[in-house]
Amino acid sequence: MSDHPIDPGPAGPTGPPPLPSRWRRRPGERMVMTPLMSSVGAMIAFAAVVFIVVLLPVQTFNPKASKDWVPLSDAALAGRQVFLSNGCVYCHSGFSRPQDVRAGLYYLYPKVSLPGDYFGTDQTPNLLGTERTGPDLTNEGGFHPDDWQFAHFYNPRYVDPFSLMPSFRFLSDHEVNDLSAFVQERSGKVGLLRYAGTLYAKHVDLAAQAYKPAPTGFQGANRTTEQADEQGKTADVIGGNILPQPDVVNLNEADRSYWLANDPLPVTVANLLRGKEIFRERCVACHGSLGDGKGPAAKFMSPPPADFTDKDDQCCGADTSPGDFYYRVLRGFPGTAMENFGTRLSVDDIWRVVMFAKTIPNGTLKSGRVPTPQDYIQWTPQDDLKAYVKAHPIDEMAPFVERPAPTDPFLVEAERMFPGMAPSDSILVPNIGRIDLTSIAAGIRRIYFNLLNKAWSDAKARGESLPPESQKNVLPEPIETGS
Amino acid sequence: MTLAIEFVSPDAFSGYSFLEFGRIRPMHVNGVILAWLTMMYFGALFYMLPRLVGTPGMWSERLGVWTAVAWNLMFVGGIVALATGHNQGKEYGELIWPLDIAVLVIWCANIFNILMTVTIRTIRPLYVTVWWFIASPMWLAADYAIGNVVWNPGDIWGSRSGMLGGSLQDGMLNWWYAHNLFGLWLTPMLIALTYYIVPRITNTPLYSYSLSLVSFWGMAFFYTGVGDHHLLQTPTPAWLKTIATLSSISLMIPVFAFTINILGTMKGNWEKFFTNLPLRFTMTAFVFYFLVNVQGAFQAVQPFNKMTHFTNFVVAHAHLALLGGFTILGMGVIDYCVAQIYRRPLWSRTLSEWQYWLVTIGFTGFFSALTMAGFIQGQSWAAGVPEVNVLPLLHPWFIARAVFGAMIVLSGIVQMVNIYLTVRGDTASRLARGVERVAGRPLVAGGASTEPS
């Protein structure tokens with residue numbers, strides 16, 4: 001480029017250089033770039049900035065473990081590798097922001113991530129992520145039971161038809177167990193507490209209805225669908241009134257104000273059609289395209305999904321109160337794979353889908369069949385339920401609500417799992433015995449500390465740097481989830 | 001040198017391919033950055049540097065060819081590793097440790113080659129492009145080595161490798177490194193190539209030397225510190241976020257300096273924008289590059305970031321730089337260099353026009369679709385709608401993105417055909433015959449070059 005405008009010219013003769021004959025209007029023309037300047041000089045500039053933005057923060061920023069922090073167990077750490085090597089972080093970020101907590105209704109984002117939540121060497125490489133095609137998973141631990149996770153990893157459309165997540169059925173059973181352990185354990189103590197609560201509720205649900213535990217990994221894919229009827233029906237005698245035992249568990253796991261609630265919307269074709277649309281969109285993967293509880297995902301689940309075709313079924317069929325159905329859709333069924341749809345469906349839409357569910361025994365799920373108000377099965381409480389409610393009045397919840405909020409996080413979790421149970425209540429569960437809120441809290445506490453101690457001893461055996469032992473015994477802070 | 005260029009084919013932009021997304025995505029990212037853009041840049045560098053410093057070729061042509069071959073072998077290894085789930089688990093730093101070392105060795109060989117070429121130069125003053133050719137690869141080598149923590153290999157075949165002890169430290173380093181892949185390598189090379197192509201094709205001296213100094217040192221100081229703007233809402237130190245935001249805004253200074261410089265050079269030469277295709281590619285890329293920087297500066301400001309972070313808006317922004325800026329420039333550079341190296345016009349001007357319009361329209365649509373998707377996501381999340389519920393709303397935009405993405409891929413295929421036929425056939429006499437048919441008389445000898453001389 002000999003025609004370049006800048007030509008420093010030949011080196012001058014010895015002696016002082018001649019003064020410029022006129023003022024140089026562009027001082028930049030004196031700044032000649034040499035190879036030294038553009039290599040060494042550029043690297044010095046680079047190094048200066050690197051010192052400020054890399055070396056300084058990395059060396060000075062070293063937050064202590066937060067109260068909520070827990071280490072990962074060996075299985076969860078192995079699951080973290082599966083998470084990394086399959087690129088899950090490209091769609092699932094790993095920190096929740098203040099505005100997420102404000103925006104997240106119900107359970108989605110109960111807490112903001114703190115620096116101390118990322119303590120420890122088992123948390124690298126980082127999983128902060130930059131995109132949320134799927135939800136953030138910082139607070140996922142304990143929101144879905146393991147059998148939901150397995151069905152979801154096998155085919156995400158089984159449990160969420162709108163999901164864009166790829167199927168991970170190529171993973172081995174071992175890998176998917178680890179992955180599930182990681183998802184359950186990654187949310188700190190609060191997550192472990194939720195997970196422990198779910199495990200306890202599942203324990204009760206299985207015992208009350210005499211179901212076998214759900215398979216782990218992808219073994220469920222080859223299983224036959226379990227029949228959703230109450231196996232081993234036993235009865236609980238409370239206050240001289242007899243109600244089938246599974247129903248008692250069901251009632252105690254639902255908020256009392258919904259026990260006798262009826263559908264507030266008028267039964268019209270429009271409402272029923274909208275309900276059918278939602279049902280076919282969201283529910284058929286588990287509950288089956290005929291509503292018989294035999295969807296493709298049902299094979300992974302125990303207790304199995306509800307069968308809506310049975311007119312006489314006290315627990316799940318057409319004789320259960322619409323309020324009970326509503327509460328199940330809104331908040332999920334503790335311990336089962338029924339998750340809360342309160343985050344994704346509007347209140348009216350939930351009532352509509354509940355209304356539609358009450359027509360399913362009349363074959364309204366067949367394609368092309370328009371549900372009519374004549375198909376709707378009007379619900380009236382049966383005598384034994386009325387007697388039970390009389391013995392456990394709904395008003396009884398008033399002092400329950402007004403008393404000071406319990407500070408024991410395990411009791412809070414017990415109340416979250418059994419929102420219909422008053423402090424004075426107790427129920428009899430086969431193979432478990434009589435349980436009340438205190439014993440439920442103790443059970444959850446036992447599961448929680450088993451999980452926590454396992455993670456600590458695994459981390460210690462791996463030689464990770466751990467905070468002082470006292471951190472372990474700080475209890476998780478109860479989180480107000482609202483209702 | 002030809003080898004380096006011929007190996008390059010514009011990478012497929014996979015669009016709506018969510019099948020095994022988690023593994024395809026690092027292949028796509030690494031493919032675009034390391035296989036496509038880096039190979040294109042080195043090809044262009046090997047072509048331009050000797051011409052700028054007045055040497056018959058690079059210091060060692062053989063070394064250049066070997067590094068190109070080795071680079072491609074390295075990348076084949078990288079694709080296999082990523083496809084089988086072997087990665088470091090760090091966004092943009094997925095290649096496993098042995099491949100990191102291979103990258104650095106090849107890269108240092110190239111730096112050595114460049115520095116030796118500059119040493120044996122016959123033109124004493126260094127043109128702007130040469131500054132970048134010297135500084136940028138050195139920056140990237142340092143960035144790559146620090147960012148991948150190569151002194152801490154860990155589990156060299158798997159995920160726990162090349163990381164710092166703490167998660168947030170690792171995150172800060174990760175994003176500092178990732179953004180500097182663009183800031184210290186891809187962007188400076190775009191500037192360098194534009195500084196070469198625009199004055200060369202328009203046959204006009206560069207508008208201002210001072211402005212090019214501002215753009216060089218501004219980039220060096222401001223771009224190095226922007227990485228933390230990916231973490232504006234993470235629990236990381238606030239002072240670092242402030243530096244990142246300020247750096248991102250300050251980047252406007254070198255960007256405007258560069259913009260004014262190029263526009264000043266183009267003054268009076270705009271008719272060539274319509275007649276000369278490589279110039280048109282370059283200037284289109286230049287416009288997209290300018291836009292991406294202005295957009296980026298706003299995106300790095302907290303209130304704006306709150307709405308756009310995690311959404312497809314960011315994906316659109318990344319594609320504006322890598323596809324709109326660097327890739328479109330790369331297409332022009334390949335068209336230019338191949339015609340120059342073989343001393344013959346491209347096989348078909350029509351195909352080149354198709355290539356241009358396919359990629360320009362395709363990219364504009366692609367960008368708009370993703371931006372709209374990003375707005376929908378941001379607004380919906382702010383209103384409390386969970387992520388999964390937003391996905392059905394994005395569906396039409398994802399379809400649009402796939403259609404426009406197909407146009408971009410098609411554009412790449414058109415160029416491949418055109419370049420292949422140019423290299424294989426005698427296009428000079430073909431053009432002469434064409435002119436003869438239209439004009440009724442033979443073309444004057446030597447007028448076949450696409451470049452006005």
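Predicted model: local features only at pLDDT ≥ 70, side-chain atom pairs only at ≥ 80, totals over all residues.

Biologist: What share of the residues in chain A is buried?

Modeller: Of the 483 residues in chain A, 51% are buried. If you take the contacts in chain A between residues at least 6 apart in sequence, 75% of them join residues at least 24 apart.

Biologist: OK, now the two chains together: how many residues of chain B are in contact with chain A?

Modeller: There are 76 residues of chain B in contact with 67 residues of chain A. On the chain B side, the largest share comes from helix 6, residues 167–202, which supplies nine residues.

Biologist: And by class, what is that side of chain B made of?

Modeller: The side of chain B that touches chain A has 44 nonpolar residues, along with 23 polar and nine charged ones.

Biologist: Switching to helix 9 of chain B, which residues are buried there?

Modeller: Helix 9 of chain B covers residues 252–266, and its buried residues are Pro254(B), Val255(B), Ala257(B), Phe258(B), Asn261(B) and Ile262(B). Seen down the axis of the helix, these buried residues fall within an arc of 160°, so they line one face of helix 9.

Biologist: What covers those buried residues?

Modeller: The cover includes helix 6, helix 7 (209–222) and helix 11 (277–299), which belong to chain B.

Biologist: How far does helix 9 of chain B reach, and what follows it?

Modeller: Its 15 residues reach 20 Å from the first C-alpha to the last, close to the 21 Å expected at 1.5 Å a residue. Helix 9 of chain B is followed by Gly268(B), which has a positive phi, near 80°.

Key: Residues numbered from 1 in each chain as written. Chains lettered and ligands numbered in written order. Contact = placed C-beta atoms within 7 Å. Helix = DSSP H or I, 4+ residues; strand = E, 2+ residues; numbered from the N terminus. Nonpolar A, V, L, I, M, F, W, Y, C, P; charged D, E, K, R; others polar. Expected span 1.5 Å × (residues − 1). Buried ≥ 20, exposed ≤ 12 C-beta atoms within 10 Å, placed from the backbone. Arc of directions from axis to C-beta.
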